[in-house]
Amino acid sequence: MLKGKTALVTGSTSGIGLGIALTLARQGAHVVLNGFGDSEGPIKEVQEAGKDQATRVGYHGADMSKPADIEAMMAYIDKEFGGCDILVNNAGIQFVANVEDFPAEKWDAIIAINLSSAFHTMRLALPGMKQRQWGRIINIASTHGLVASAGKSAYVAAKHGLLGLTKSAALETAQLPVTVNAICPGWVLTPLVQKQIDARAQKEGLDPDEAKRQLLAEKQPSLQFTTPEELGALAVFLCSDAAINVRGQAWAMDGGWTAQ
Ligand code: NAD
């Protein structure tokens with residue numbers, strides 16, 4: 001379905017980003033990966049996923065907290081792939097502390113990586129999408145873009161901001177074949193959440209399974225983690241022709257978290 005399109009998925013060496021990259025490759029899109037840590041393993045996985053579709057896989061190690069790195073990555077995509085058609089802003093980090101204890105440098109890093117990076121990729125990708133008359137921007141926000149939790153002020157502020165950015169950009173492109181939407185996952189079992197499970201287990205002297213059960217029970221009525229594959233399937237739908245009139249939405253996939 002996405003043959004001939006090029007997708008950039010930021011923060012795709014792990015977790016949700018890797019899941020979405022794999023799903024887009026299976027649909028035939030060329031995929032550019034980004035993120036820290038091992039890149040060889042994820043590159044091979046995505047190549048394997050797209051091999052029947054002759055998917056090309058690229059990688060750029062831009063630090064998403066640095067606008068100059070983001071500019072270099074977008075220039076690389078223009079040069080090597082002829083532009084970015086599908087932009088998935090997914091890179092993100094978490095830090096948990098009350099406002100008065102929140103380290104200022106952690107605040108700055110979360111706002112830069114979870115919010116400002118999406119502004120930079122969007123401002124650089126939109127001109128090409130408009131010129132080629134096709135584009136899909138999918139911002140990976142969170143239930144924390146819709147509701148708050150204590151101890152997550154920077155993350156909640158960044159994700160609420162990301163939904164605002166999504167709505168503004170969707171209105172600016174409302175009459176074009178370019179759509180801008182957000183996905184709001186609930187708990188997904190990735191390294192980002194595993195750290196929070198480990199912290200809970202340690203703080204409350206719980207075994208890991210009990211800590212996991214309690215984490216879900218507190219917020220997510222389905223008591224099931226959302227999976228990267230489910231989020232990938234939603235991203236594919238947002239890229240489809242059928243989704244042309246889905247614009248500026250914050251689409252929750254959260255096991256009922258925000259229905260409460
Ligand atoms: P993860 O830790 O598994 O993956 C994060 C990815 O971002 C990794 O590839 C990492 O290398 C990359 N990254 C981090 N800092 C970066 C930087 N400065 N520059 C470039 N890449 C960087 O986390 P995840 O759970 O897959 O989270 C992905 C996104 O989904 C985040 O935006 C997160 O806020 C969001 N989200 C996660 C959950 C969840 O329950 N896991 C729920 C809602 C939203």
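This is a predicted model: local features need pLDDT of at least 70, side-chain atom pairs count only at pLDDT 80 or more; totals for chains, interfaces and linings use all residues.
1. Surroundings of the ligand. The shell around the ligand is made up of 30 residues, and the closest are Ser 14, Asn 90, Tyr 155, Val 188 and Thr 190. Sorted by class, this shell holds 16 nonpolar, twelve polar and two charged residues.

2. The side chain of Ser 14 places an N or O atom 2.6 Å from an oxygen atom of the ligand. A nitrogen atom of the ligand lies 3.0 Å from a polar side-chain atom of Asp 63. The ligand, taken alone, exposes 830 Å², and the protein buries 93% of that area.

3. Elements that line the site. Two or more residues of the shell come from each of helix 1 (15-26), helix 5 (153-172) and helix 6 (191-204). Helix 6 gives the most, with three residues.

4. Thr 190. This residue, one of the closest to the ligand, is in the loop between strand 6 and helix 6. Its relative accessible area is 11%, so Thr 190 counts as buried, the limit being under 20%. Leaving out residues up to four places away in sequence, Thr 190 touches Gly 15 and Ile 16. Both of these positions fall within the range of helix 1 (15-26).

5. Thr 179. Strand 6 covers residues 178-185, and Thr 179 is part of it. With a relative accessible area of 2%, Thr 179 is buried. Residues up to four places away in sequence aside, its contacts are Gly 135, Arg 136, Ile 137, Leu 238, Ala 243, Ile 244, Val 246 and Arg 247. Gln 249 is 70 residues from Thr 179 in sequence, while the C-alpha atoms of the two are 9.9 Å apart in space.

6. Aromatic pairs in general. How many aromatic pairs does the model contain by the rule applied here? The count comes to four. A pair of aromatic rings is described by the distance of the centres and the angle of the planes. Two of these pairs are taken up in the next points.

7. Tyr 76 and Phe 81. The ring centres of Tyr 76 and Phe 81 are 6.3 Å apart and the planes meet at 70°. Planes over 60 degrees apart count as edge-to-face, so this pair is placed in that class.

8. Phe 237 and Trp 251. Here the centres are separated by 5.8 Å and the planes stand at 75°, so the pair of Phe 237 and Trp 251 is also edge-to-face. The pair links distant parts of the chain, with Phe 237 in helix 8 (residues 228-239) and Trp 251 in strand 7 (residues 250-253), 14 residues apart. Phe 237 is partly exposed, at a relative accessible area of 31%, and Trp 251 is partly exposed as well, at 34%.

9. Thr 6. Strand 1 (residues 6-9) includes Thr 6. This residue counts as buried because its relative accessibility is 1%. Beyond its neighbours within four places in sequence, Thr 6 is in contact with His 30, Val 32, Ile 77, Phe 81, Gly 83, Cys 84, Asp 85 and Ile 86.

10. Ala 211. Is Ala 211 buried or exposed? Ala 211 is buried, at 0% relative accessibility. The residue belongs to helix 7 (residues 208-219). Apart from residues up to four places away in sequence, Ala 211 touches Ile 197, Arg 200, Ala 201 and Leu 206. Of these, Ile 197, Arg 200 and Ala 201 have numbers within the range of helix 6 (191-204). The C-alpha atom of Ala 211 is 36 Å from that of Gln 27, and the two residues are 184 positions apart along the chain.

11. Leu 171. Helix 5 contains Leu 171. With a relative accessible area of 69%, Leu 171 is exposed, since the threshold for that class is over 50%. Leu 171 and Gly 19 are 152 residues apart along the chain, and their C-alpha atoms are separated by 29 Å.

Key
Residues are numbered from 1 along each chain as its sequence is written. Side-chain values use heavy atoms; hydrogens and water are left out. Helices (H or I, at least four residues) and strands (E, at least two) are DSSP runs, numbered from the N terminus. Buried means under 20% relative accessible area, exposed over 50%, partly exposed in between (1.4 Å probe, protein chains only). Contact means heavy atoms within 4.5 Å. A residue is near a molecule or strand if one of its heavy atoms lies within 4 Å of it. A polar contact is a pair of N or O atoms within 3.5 Å; within protein, one must be able to donate a hydrogen and the other to accept it, and residues adjacent in sequence count only if both atoms are side-chain atoms. Accessible areas come from the Shrake-Rupley method with a 1.4 Å probe; for residues, only the protein chains shown count as cover. Ala, Val, Leu, Ile, Met, Phe, Trp, Tyr, Cys and Pro count as nonpolar, Asp, Glu, Lys and Arg as charged, and the others, Gly among them, as polar. Rings of Phe, Tyr and Trp (its six-membered ring) pair if their centres lie within 6.5 Å; planes under 30 degrees apart count as stacked, over 60 as edge-to-face and the rest as tilted.
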